[in-house]
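Have the sequence and the structure open while reading.

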Amino acid sequence: MTTQQLSGTTAIVTGASRGFGRGIAAALVDAGAHVVGVARDGAALDEVREELGAGFTPVVADAADPVAAGQLIDRYQPRALVLNAGAAPLARPLHLHTWQTFSRNWEVDVQHAFGWTREALLRPMEPGSTVIAVSSGAALRGSPVSGGYAGAKATIRFLTAYAAEESRRAGLGIRFISVLPDLTPATRLGQAGVAAYAARQGMDAAAFAASRGPALTPGQVGTEIAGLVSDCARDDGAYLVNAAGISPAP
Ligand SMILES: NC(=O)c1ccc[n+]([C@@H]2O[C@H](COP(=O)([O-])OP(=O)(O)OC[C@H]3O[C@@H](n4cnc5c(N)ncnc54)[C@H](OP(=O)(O)O)[C@@H]3O)[C@@H](O)[C@H]2O)c1
């Protein structure tokens, strides 16, 4: 982003301590936003603050805690929310899961998206605000060695669409958008996923990753999400993001 299109605005990014969230925080700061970054690992958040400077405020909190969602939206009155936090699923086939391991991404990813989305509608955020929830390409294809991960991510897409409809019905002027990134070994979560799918096919992880073509990077995800936040005209509901760019999701 070459201009400071988001100057004077505040954005909250959950899961900002590493991976996509760190890339999203960097791109939003680059676009001029003040970013409040939420995660549980304070030391990792401090590193992000060192890298991004005063434009980044670290907040140690569990993003799935509904009290944290309400308090942080009330305190910072953000113009944009990026609901990116997500748990790494236990990489095992279905029958090796318990209900507790299968439902991990429902308890973290879905509960967090639900809580923050609800607070955005209840407050409500200012007209012209944007809420972006990070789903996954797995929501379209399934993820047979990741327990309930794909279903949880599909539910995040659904609940974001429901919120968009409530925003329209009440004339709130808040855009609710979901983003479905491709699997990539460029983050901790994605690296574990690539290793699990490679092992299932009897392949080396590096060879498996190479067979999928160029890998999506956190920097690309950040640039595309900052672009969505900056451009109010883009409101297709859900977008796929891969190494080749961004496009409306089918
Ligand atoms: N990488 C991929 O291939 C891929 C593909 C599609 C979608 N996604 C989605 O993209 C999002 C980011 O994933 P990533 O690949 O960047 O993973 P990552 O590198 O493991 O980062 C996950 C981030 O979420 C935070 N987090 C996890 N649980 C949290 C909680 N309860 N409260 C607050 N923060 C929490 C982590 O911070 P702390 O541990 O410090 O809390 C970390 O900052 C996830 O929703 C993931 O499902 C990833």
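Helix H8 gives the most to the shell around the ligand, supplying three residues. The model is a predicted one. Three further helices, H1, H5 and H7, each supply at least two residues of that shell.

**The shell around the ligand**
- The ligand is surrounded by 30 residues.
- Ser17, Phe20, Arg40, Ala63 and Thr187 are the closest of these residues.
- Sorted by class, the shell has twelve nonpolar residues, ten polar residues and eight charged residues.

**Polar contacts and burial of the ligand**
- An N or O atom in the side chain of Thr187 lies 2.5 Å from an oxygen atom of the ligand.
- For Ser17, an N or O atom of the side chain is 2.7 Å from a ligand oxygen atom.
- At Gly15 a polar backbone atom takes part, at 3.1 Å from an oxygen atom of the ligand.
- The ligand taken alone exposes 880 Å², and the protein buries 97% of that area.

**The cavity**
- There is one cavity of 30 Å³ or more in the structure.
- The largest cavity holds about 70 Å³ of space.
- Its lining includes Asp182, Leu183 and Pro185, together with Ala209 and Ala243.
- Arg212, Gly213, Pro214, Ala215 and Leu216 also line the largest cavity.
- By class, that lining has seven nonpolar residues, one polar residue and two charged residues.

Technical notes: Residues numbered from 1 in each chain as written. Predicted model: local features only at pLDDT ≥ 70, side-chain atom pairs only at ≥ 80, totals over all residues. Heavy atoms only, no water. Near = heavy atom within 4 Å. Polar contact = N/O pair within 3.5 Å; in protein donor to acceptor, adjacent residues only side chain to side chain. Areas by Shrake-Rupley, 256 points an atom, 1.4 Å probe, with all protein chains shown as cover. Helix = DSSP H or I, 4+ residues; strand = E, 2+ residues; numbered from the N terminus. Nonpolar A, V, L, I, M, F, W, Y, C, P; charged D, E, K, R; others polar. 1 Å grid on protein atoms, 1.4 Å probe; cavity = no way out; pocket = protein on both sides within 12 Å on 5 of 7 lines; lining within 4 Å. Points joined across faces, edges and corners; volume = space filled by probe spheres on them.
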